Amino acid sequence: RNSTRVRNMPTVSHCGTQMSLYYTNLFKWLAREDVWELLVNPSDESTATLIQSLVGALATRRNSAAHQADLAEYLVRLVYAEFLANLDASYAVAISHYQQTAQLTRIEDHLADQNGFATNLAHLPAPVARTISSQTPNGSGACERLAALLADPASRGAGVVRDIVDTPPGWLRDGPPLLWAALAEFANGFGWSDLASVCFERAADEGVPGRGRWLALAALTATEAGDEARASDLMKLAEEVHSSVEFVLAARAAIAGDLEGLRVAIAADSDEPQLLLMAARVNFLLGHFEVAITLAERTITLDDALAGARLILAEVLQARALVSESVSPQRDLSRSIELSLEARDQRRAWGGPSDQAVVLACRGSILLHDVDTVFRLVTETPGGDATPEEAKSLAVFPIVARAALSVGDVARAQSSLALLPEGFERGA
């Protein structure tokens, strides 16, 4: 027996030493801060990370890391199973509470991101919000970035959109191409027709389905920007791509003032709000008030969020009342004021240009001899209803002067006109 003990002594000693090293290294590993973090706050990658770190911790000169993989995996799974159960009760409760809190924080952060995106969309023009929202399955990151950028009050200037057009950020280049259409609608909402035209053309060039439509929209906005040569070139491209598409035909007719062409296009595509609004505007300019009113009302029915349709309808109703074509001029004027204020509030919601709507409401009020309403609409809160931007708009000053003159307040009329820069059109 003694000789056997002596003969096996080196092996027993080695095994004891090896087990001691295992225990020592395991305890050191369990005491590491990064290990506790993974045990307390596990993720999908935690197990693999812990096994890899424990393999390294158990490795010795005689037993390489490759020999410790199975043992490490067994020990990690055992530690996971016994970790909370074998801790002091106060530690276990504290860690469990921490895990629950961390999970709730992750959920809250996720909801905050979602709520942030929804909030940003709510501060954008309705067509822009709809386009961005429709593309979230294809590129949520780019959609969220564009929504956040456009909803930022600092973006309420043409320079920001121009910078994006001149040097598109990587996330926009890699995102859904239809986001260029959203950017075009945003520019159009602020009246930056030249930028809107460029963005609509970019949407067509990026391969958005319906290339002819986007080129036609680029042509229409180029016309609004006064660039007739560009509009002509874009219409030629649109017709080469989709010469028989109703929207392209309607755009060509609208640019040319061709009522018959518009009538044909509308008959073929009567559920298109943009087409109807386009036709309403052309009919109004040509003095066909009844047709324009019908088309604008249908546009509002199809898309209640289009402030432009309300403004066109308000303007036509005022025109009809002035030329004595109305059955009830007073009713038309009252409704025009109501529509103008609705459009004002719609544009205010996303920080858009609401001064045009204020001017229309004031015109209707003057025609109804309600000067007090005019002064209330153009006076900044708290004394009146106007936002700072509306009260300081150059478009508002002439209408204030006109209202003041109607009640004999020459001094107020002169002070309002004095605020206009030299050469500014003073008619209202």
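Which residues of helix 13 are buried? They are A231, L234, M235 and A238, where buried means under 20% relative accessible area and exposed over 50%, with partly exposed in between (1.4 Å probe, protein chains only).

This is a predicted model, in which local features need pLDDT of at least 70, side-chain atom pairs count only at pLDDT 80 or more, and totals for chains, interfaces and linings use all residues. Residues are numbered from 1 along each chain as its sequence is written, and side-chain values use heavy atoms, with hydrogens and water left out.

**Overall make-up**

- The protein has 24 helices and zero strands. Helices (H or I, at least four residues) and strands (E, at least two) are DSSP runs, numbered from the N terminus.
- Of its 428 residues, 41% count as buried.
- Among contacts with a separation of 6 or more, 57% join residues 24 or more positions apart. A contact means heavy atoms within 4.5 Å.

**Helix 13**

- Helix 13 covers residues 228–242. Its 15 residues should span 21 Å at 1.5 Å a residue, and its end C-alpha atoms are 21 Å apart, which agrees. The expected span is 1.5 Å times one less than the number of residues.
- A231, L234, M235 and A238 are the buried residues of helix 13. They cover an arc of only 105° around the axis, so they lie on the same side of helix 13. The arc is that of the directions from the helix axis to the C-beta atoms.
- These buried residues pack against helix 11, helix 12 and helix 14 (246–256).
- The face turned away from the buried side carries the exposed residues A229 and E240.

**Nonpolar cores**

- The largest nonpolar core has 85 residues. Such a core is a set of buried Ala, Val, Leu, Ile, Met, Phe, Trp, Tyr and Cys residues joined through side-chain atoms within 4.5 Å.
- L124, I132 and W214 have the most contacts inside this largest core.
- Helix 18 (residues 307–322) gives the most to this core, with nine residues.
- Another core, of 18 residues, lies apart from the largest one. V371, L377, V400 and A413 are among its residues.
- L124 touches A129, I132, A147, L150, A151, F186 and W350, not counting residues up to four places away in sequence.

**Helix 18**

- S324 follows helix 18 and has a positive phi, near 65°.

**Aromatic rings**

- The whole structure holds six aromatic pairs. Rings of Phe, Tyr and Trp (its six-membered ring) pair if their centres lie within 6.5 Å; planes under 30 degrees apart count as stacked, over 60 as edge-to-face and the rest as tilted.
- F190 and W350 form an edge-to-face pair, 5.3 Å centre to centre with 85° between the planes. This pair links distant parts of the chain, 160 residues apart. F190 counts as buried at 14% relative accessibility, and W350 counts as buried at 9%.
- F200 and W214 form a stacked pair, 6.1 Å centre to centre with 20° between the planes. F200 is in helix 11 and W214 in helix 12 (residues 211–224), 14 residues apart. Both F200 and W214 are buried.
- F186, F190, W192 and W350 form one aromatic cluster.

**Charges over rings**

- The charged end of R213 sits over the ring of W214, 6.0 Å from its centre. The criterion is NZ of Lys or CZ of Arg within 6 Å of the ring centre and within 35 degrees of the ring normal.
- R412 lies over the face of F375, at 3.9 Å from the ring centre.
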